[in-house]
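I opened my notebook for a friendly look through this one. Here is the entry as I wrote it.

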Amino acid sequence: MTITAIVLVLISTFMHAGWNFFGKKTSPTLGFFFLTMVAGAVFFSPFVFWQWDLIKAFNSKILILLLATGFFQSIYLWGLAEAYRAGDMSIAYPIARSSPLIIVAISSTLLGQQSTISSQAVIGIVMIVVGCLFIPLTSFRDFKLANYQNRTTAFALLAAFATAGYSLVDSHATELMRDLSDASGTPLASPWQVSLVYVALQSAFAVIWMVWFILSTQKQRLTFRQMFIKQWRVGLLTGALMLGTYSLVILSMAFVTNVSYVVAFRQLSIPLGVLLAVIGLGESLRLPKVVGVFITFIGLIAVALG
């Protein structure tokens, strides 16, 4: 990872932990996250019109990838909402954040990119995953499969798979977008312009998928209407943080040799998220959780320096 990529991802981790905290504290529902996606899409929409030449140059492959990332994003937010409703943020958040590392690393290997992942980075990834296995435990003696067979873990893992899905899709899609050029061979947009346009489009495509869930039943529609009236301000703030976070992540992908590094270093938000949950939500802080966060942090350093 370059210094530029590290700084961008570092800023994004603080923002990511922040919007998850708002989501858990305010209203951990799909309706709330739908509102944040709508707010984010509207907030970032001027960048789409600003880079209209880039949009007109899109081919069918980019459009299919945008449709795919919108699907993965909607599944991610649904899984995250259900995980937060079922249990503590200090448990669900680390699981949802760490598990994509395995999936992305395996996928990168299958795609023939294993040569760009150093041995030190692999060790760091393993440490992050092991650390996150400790975080949900109340005691080290409770380290058994039964303690992970619950609704919180299941939906956190669903969110993790979706995260891995959109991370791989986004890396490929933005690479294609950065390669678009005019007749003279000049790129139509810089990496940071691509990142701003992409997050706006990603959120818009996620809204397309999510609207069917929100409008599917009368109960969902009523819940969303009540939540919108009471919490639209927090929804706007969370949406701005959410898309601002991911625009930095998308931009950082232009400065790494493999997307696995970005996905791994983003896990710095894990100790930040746990800290916010303990201080802001009054969740418990037991020794396995402290040890797990420490191991995860060491793994992050190994990935960053690898």
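My notes below cover a helix, the cores and some aromatic pairs. I kept in mind that this is a predicted model.

**Helix 8.** I looked up its extent first. Helix 8 runs over residues 151-178, 28 residues in total. From first C-alpha to last it reaches 40 Å, close to the 40 Å expected at 1.5 Å a residue. At the N-terminal end I found asparagine 150 as a cap, with a side-chain oxygen 3.3 Å from the backbone nitrogen of threonine 152.

**Cores.** Next I checked the largest nonpolar core, which has 66 residues, with Phe33 and Phe58 making the most contacts inside it. Helix 9 (residues 191-214) gives the most to this core, twelve residues. Setting aside neighbours within four places in sequence, I listed the contacts of phenylalanine 33; among them are Trp19, Leu77, Met210 and Met242. I also noted a second, separate core of six residues, including Cys132 and Ile270.

**Aromatic pairs.** I found 13 of them in the structure. In one, the rings of phenylalanine 71 and tryptophan 209 have centres 5.0 Å apart and planes at 65°, so I logged the pair as edge-to-face. Phenylalanine 71 sits in helix 4 and tryptophan 209 in helix 9, so this pair ties together parts 138 residues apart in sequence.

Tyrosine 76 is buried at 2% relative accessible area, and tyrosine 166 is buried at 2%.

Notes
Residues are numbered from 1 along each chain as its sequence is written. This is a predicted model: local features need pLDDT of at least 70, side-chain atom pairs count only at pLDDT 80 or more; totals for chains, interfaces and linings use all residues. Side-chain values use heavy atoms; hydrogens and water are left out. Helices (H or I, at least four residues) and strands (E, at least two) are DSSP runs, numbered from the N terminus. The expected span of a helix is 1.5 Å times one less than its number of residues. A polar contact is a pair of N or O atoms within 3.5 Å; within protein, one must be able to donate a hydrogen and the other to accept it, and residues adjacent in sequence count only if both atoms are side-chain atoms. A nonpolar core is a set of buried Ala, Val, Leu, Ile, Met, Phe, Trp, Tyr and Cys residues joined through side-chain atoms within 4.5 Å. Buried means under 20% relative accessible area, exposed over 50%, partly exposed in between (1.4 Å probe, protein chains only). Contact means heavy atoms within 4.5 Å. Rings of Phe, Tyr and Trp (its six-membered ring) pair if their centres lie within 6.5 Å; planes under 30 degrees apart count as stacked, over 60 as edge-to-face and the rest as tilted.
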